[in-house]
Amino acid sequence: MYYQCVRCGSTAEATPATSIKCRCGGLWDLHGDLEPFALDTVDSSQWSQFRYRASMIGVGSDDSTWQRVSMGEGMTGLVSIDEGVLGKLEYAMPTLSFKDRGAAALITWCASVGITRVVQDSSGNAGCAIAAYAARAGIECEIFVPEAASDKKIAMIESFGAMVHIVKGSRDHCADVARTYVRERDDAFYASHVFSPFFYEGTKTYVYEIFEQCGGRLPEVLLIPVGNGTLLIGAVKALEHLMTSGCIDHFPHIVAVQSERCDPLRRMAAGENLSDFHATATLADGIAIARPARVEQIMRYARACSIEFLAVHEQDIVRAHSDLAHRGIYCEITSAANYAAYRQYVSSGRGPASCIIPLCGSGVKDHDPAAG
């Protein structure tokens, strides 16, 4: 198991002492030996994402650690939304969002190597997840959130015993402040859901789980929301593993979803120069990332996997949120952007194809869209 820089290709040991970035400024990817994926390698005795631990680098080998950290994350249901489209109920998690997948994996690694204090920045959901799993593992935790973060998410983070730092300004500025804070201390590990590649060992399980739930196949289309790309990167890694294992012979069509008010990745994929790009406030704050830290990796995946980017309008997100609620699904507003993107995709004359969208977070800890 080792790190490799996504920019220059340099390698380093995967240890807590390793810098959070390569000397060239690139971020680390995680590499390690994996056996080919097969459904008969899934540990069906475990009702959590760790049933796929044979395909999770560095976080599933020590039974004593993952078993004491796991809270049954994963194994979320699939529900019909429209003809051809299923929603995956990722908010049916211990802290009500898909970020529990990555947090369980990352904190498992932290606990296994003796880390005792973690610091992280988040718009809310990842902070809730890291704080919860850190508490589970007996690790002290500090979370930095932007001032626009939901009060409900802040209250949840604090309930786990974590210290919350509220930072004025944008989500990107909040991340800068958190990283400066970590650099000035020698007793804390930056447990970032963006910087740490161990987080993606958890989000990979989203695709493994769909493959198992669908009887050893995948839908034609996967719609995935993209801010920092934590779910997208994990999904591509899992798809690559399924491909090299001979489980699939092609990728599903991946549609990456952004808000029209904050769509730097869509613009980059279209060849635009972003030197003058300025994001504006969007209801879909979970994907409101103007400067994604892993932009190089995401763009490389976009080219290699022919990922399509869609930007959705605010009024369409609000309408989708209401329509999902009238179908019994009370998700966060950011999750509704995925359904709005599916409608946009179908309205372009393609579909309805078999498609799965993630309902990433619960509406019970989100802002009221009527107030936004």
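1. Strand E1 (residues 2-5) and E2 pair in the antiparallel sense over three bridges. Two strands count as paired if DSSP finds at least two bridges between them. Strands (E, at least two residues) and helices (H or I, at least four) are DSSP runs, numbered from the N terminus.

2. A word on the model before we go on. It is a predicted one, in which local features need pLDDT of at least 70 and side-chain atom pairs count only at pLDDT 80 or more, while totals for chains, interfaces and linings use all residues. Residues are numbered from 1 along each chain as its sequence is written, and side-chain values use heavy atoms, with hydrogens and water left out.

3. Back to that sheet: it is open, has three strands in the order E2-E1-E3, and its pairing is antiparallel. Strand E2 (11-13) and strand E3 (28-31) stand at the edges with a single partner strand each, so one side of each has no neighbour in the sheet. From one strand to the next, the twist averages 35 degrees.

4. Next comes an open sheet of four strands, with parallel pairing and the order E8-E7-E6-E9. Here the edges are strand E8 (163-167) and strand E9 (189-190); each has a single partner strand, so one side of each is left without a neighbour in the sheet. Strand E6 (residues 117-121) and strand E7 (residues 140-146) run parallel and are joined by five bridges.

5. Helix H5 (residues 171-183) touches E6, E7, E8 and E9, at about 150 degrees to the direction of E7. Such angles run from 0 to 180 degrees between N-to-C directions, with axes fitted as lines to C-alpha atoms, for helices over the stretch in contact.

6. Is tyrosine 190 buried or exposed? Tyrosine 190, which lies in strand E9, is buried, with a relative accessible area of 3%. Buried means under 20% relative accessible area, exposed over 50%, and partly exposed in between (1.4 Å probe, protein chains only). Beyond its neighbours within four places in sequence, tyrosine 190 has contacts that include Ile20, Val119, Ala175 and Phe195; contact means heavy atoms within 4.5 Å.

7. Strand E11 (residues 253-259) is largely enclosed by the rest of the structure, because six of its seven residues are buried. Five bridges join strand E10 (residues 221-225) to E11, and the two run parallel; proline 225 stands opposite valine 257 in E11. Strand E12 (residues 308-312) also runs parallel to E11, again with five bridges, and phenylalanine 309 in E12 is the bridge partner of alanine 256.

8. Finally, helix H11 (residues 314-325) has twelve residues and reaches 17 Å from its first C-alpha to its last, close to the 16 Å expected at 1.5 Å a residue. That expected span is 1.5 Å times one less than the number of residues. The buried residues of H11 are Glu314, Ile317, Ala320, His321 and Leu324. They cover an arc of only 120 degrees around the axis, which puts them on the same side of H11; the arc is that of the directions from the helix axis to the C-beta atoms. Their cover includes strand E4 (78-82), E11, E12 and helix H12 (333-347).
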